There are 2 protein chains.
Amino acid sequence: MIIAVDAAGGDYFPKNPVEGALDALSEDSNLQILFVGPQDIITNELKNHSYDSDRVQIVDAPEIIGMEESPASAVKNKRNSSITIGLSLHKAGKCDGFVSAGNTGALLAASTFILGKLQGVSRPTIASYYPTLKGFRLLVDAGANLEIKPEMAVQFAKMGQIFCKHIMGIEQPKIGLLNVGEEDEKGTEITKSIHAELKKVEGFVGNIEGRDIFPAKADIFISDGMVGNILLKFGESIPDALMKMVGSAIQKSDLEANQIQSIQTVLKSAFSPFNYERVGGLPFLGVNGVSIVGHGGSSALAIKNMIKSAVSCIESDINGKIVASLN
Amino acid sequence: MIIAVDAAGGDYFPKNPVEGALDALSEDSNLQILFVGPQDIITNELKNHSYDSDRVQIVDAPEIIGMEESPASAVKNKRNSSITIGLSLHKAGKCDGFVSAGNTGALLAASTFILGKLQGVSRPTIASYYPTLKGFRLLVDAGANLEIKPEMAVQFAKMGQIFCKHIMGIEQPKIGLLNVGEEDEKGTEITKSIHAELKKVEGFVGNIEGRDIFPAKADIFISDGMVGNILLKFGESIPDALMKMVGSAIQKSDLEANQIQSIQTVLKSAFSPFNYERVGGLPFLGVNGVSIVGHGGSSALAIKNMIKSAVSCIESDINGKIVASLN
């Protein structure tokens with residue numbers, strides 16, 4: 001099992017990708033890591049670590065795609081970036097999957113362009129883990145397709161079900177369509193058409209509203225990428241905002257230091273459902289390969305879990321199951 | 001100042017509307033209340049209270065529109081509902097504003113149909129208060145218009161600015177367009193067209209993302225009603241979900257009763273920014289009158305604040321200012 005890791009992706013490269021990958025390596029004796037990025041940077045960073053050098057390779061990719069760079073021009077013009085080279089190695093069968101905390105747009109564009117689409121898939125999608133009272137559930141689409149058509153929604157639902165079942169361990173995942181009301185006739189014309197097609201998919205529980213997300217009235221929340229992306233980023237901002245709200249409430253209170261300590265301990269535990277580090281990135285579903293993208297701020301732990309997620313996708317043959325489900 | 005109050009609206013009528021209205025009455029000696037709803041129900045409820053009967057009238061409206069009823073057919077078929085009669089009284093100049101915690105869709109349809117639109121307004125909109133780290137800010141549209149056009153977004157922005165400034169006390173309110181990224185060229189074709197038109201409006205700060213809501217990077221969040229409604233209902237669900245998360249964290253901890261007590265006190269204070277009771281309902285902006293709708297579960301306090309909000313809208317001549325701004 002060889003996983004290529006983008007050593008030049010995210011806000012904290014090469015440190016976090018290298019550290020996370022070496023942690024994954026030490027926990028899985030079947031794993032090999034292929035670092036992709038500027039060779040000197042990787043070599044320097046590796047000097048800070050001890051590891052089994054027989055299971056680590058470096059592939060030089062001197063160009064770096066910035067986090068805010070325009071995806072289309074980055075993919076077109078930077079042929080020697082870690083993203084392009086890493087995905088090309090995957091396409092050529094030199095590795096089994098690719099993991100990056102780099103520019104999401106560039107990763108989506110390059111994954112679709114280089115790996116191609118799975119048979120039966122109109123458009124690949126980015127799914128995202130979403131915190132709920134039942135643990136993480138799946139939001140699809142999280143920003144790859146800002147407008148969606150009924151057949152795309154059906155494919156997202158079926159791909160999401162396979163991912164939920166085999167990677168997230170949710171048996172018989174329920175599908176809900178995010179909408180402004182529960183009744184079948186709610187929403188725009190396109191939402192109503194999507195609803196009508198989703199009704200044919202097993203596990204569809206109908207429209208769900210914003211208030212149904214936290215109670216996880218469905219396991220898979222289907223939306224277009226506009227709604228999904230705004231919700232994803234809003235959700236990510238909740239813990240920090242709440243800690244600030246709690247912080248100013250504490251300041252106004254007359255609590256003693258040990259009481260404040262115990263509040264912080266409880267809240268840290270309470271907000272742990274929001275901890276994205278544990279879940280290992282967002283999968284691109286529908287591409288002919290395994291490509292996992294992480295948050296730009298991914299920690300070493302997040303990178304390690306992204307690699308584990310890639311390994312699970314490969315071992316469970318997620319893509320084979322998707323093709324079987326769609327065709 | 002006469003405010004008509006829907007005594008048959010919301011999940012807790014007639015109790016909460018009557019109690020809230022009488023509280024408002026006792027706090028404002030210039031106020032008169034006109035209760036609209038089934039006469040016997042109102043008369044019975046009023047027996048539980050002492051109040052200045054010279055300032056209270058009842059208008060019989062025997063039909064009740066259910067909270068889940070289809071708005072179009074309810075407005076068409078129930079001509080003797082509190083909503084239809086209350087808004088008709090307002091249109092006829094028998095009162096200065098109408099306040100209801102009833103069926104939002106029916107209220108929007110009836111407000112637009114009966115009161116008509118202000119000059120220069122393409123489509124009236126529901127704005128919603130939204131909790132942020134700086135206090136409540138304004139989300140427009142919160143579900144009235146699931147698809148919006150550039151000129152509508154511009155009108156929403158200008159109406160929102162007037163509301164923010166004169167009712168919410170925010171000087172020079174900043175306008176942001178909810179989008180998937182900050183750059184001008186982000187989003188769908190329609191989002192890009194909206195962005196281009198909003199650029200001409202003073203106070204526009206550009207695209208904002210989901211993560212920019214809590215820090216209140218703008219004071220007015222412009223979106224279509226699909227995004228707005230999902231965000232609104234999701235936001236409303238946050239305090240309850242968090243209290244559950246905190247509750248299970250407390251159960252897992254070994255805290256003593258007094259420590260748990262102090263945590264609950266701090267959290268109650270910390271989550272107070274989410275307390276919609278304080279803000280008094282959602283204004284319909286763009287209708288030729290003052291129509292305020294509250295959450296179905298509105299408490300008496302929420303109803304009282306809705307009435308105060310209606311009074312503020314009238315005293316500040318919000319509608320006159322909107323017409324001046326748009327024409």
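Tutor: Chain A can be laid on chain B by a turn of 180 degrees and a shift of 0.0 Å along the axis, with an RMSD of 0.0 Å; the superposition is by least squares on the C-alpha atoms of residues with pLDDT of at least 70 in both copies. The two copies are thus related as by a two-fold rotation axis. A word on conventions: this is a predicted model, in which local features need pLDDT of at least 70 and side-chain atom pairs count only at pLDDT 80 or more, while totals for chains, interfaces and linings use all residues. Residues are numbered from 1 along each chain as its sequence is written, and chains are lettered from A and ligands numbered from 1 in the order in which they are written.

Now to the interface itself. Chain A gives 43 residues to the contact and chain B gives 43 residues, where two residues are in contact if their C-beta atoms, placed from the backbone, lie within 7 Å. Because 100% of the interface residues of chain A are also interface residues in chain B, the copies meet through the same surface. On the chain A side, α8 (225-252) and α9 (257-270) each supply at least two residues; helices (H or I, at least four residues) and strands (E, at least two) are DSSP runs, numbered from the N terminus. The largest share, 19 residues, comes from α8(A). By class, the side of chain A that touches chain B has 25 nonpolar, 11 polar and 7 charged residues. Here Ala, Val, Leu, Ile, Met, Phe, Trp, Tyr, Cys and Pro count as nonpolar, Asp, Glu, Lys and Arg as charged, and the others, Gly among them, as polar.

α8(A) packs with α9 (residues 257-270) of chain B at an angle of about 120 degrees, their axes 8 Å apart; axes are lines fitted to C-alpha atoms, for helices over the stretch in contact, and angles run from 0 to 180 degrees between N-to-C directions. From α8(A) come A:Met245, A:Val246, A:Ala249, A:Ile250 and A:Lys252, and from α9(B) come B:Val266, B:Leu267, B:Ser269 and B:Ala270. This contact has 7 nonpolar, 1 polar and 1 charged residues.

Stepping back, where do these helices sit in the chain? The domain assignment, which is automatic or from a database, gives chain A a domain 1 (1-121 + 286-327) and a domain 2 (127-275). In chain A, 12 residues of domain 1 are in contact with 8 residues of domain 2, and α11(A) gives the largest share of the domain 1 side, 5 residues.

Chain A also has an open sheet of 11 strands with mixed pairing, in the order β3-β2-β1-β4-β11-β10-β5-β6-β9-β7-β8; two strands pair if DSSP finds at least two bridges between them. The edge strands of chain A are β3 (56-60) and β8 (204-208), each pairing on one side only. From one strand to the next, the twist averages 25 degrees. Within this sheet, β5 (residues 125-132) and β10 (residues 282-285) of chain A pair in the antiparallel sense over 2 bridges, with A:Thr125 opposite A:Leu285. Helix α7 (residues 189-198) of chain A packs on the sheet, touching β7 (175-178), β8 and β9 (220-222), and its direction makes about 170 degrees with that of β7(A).
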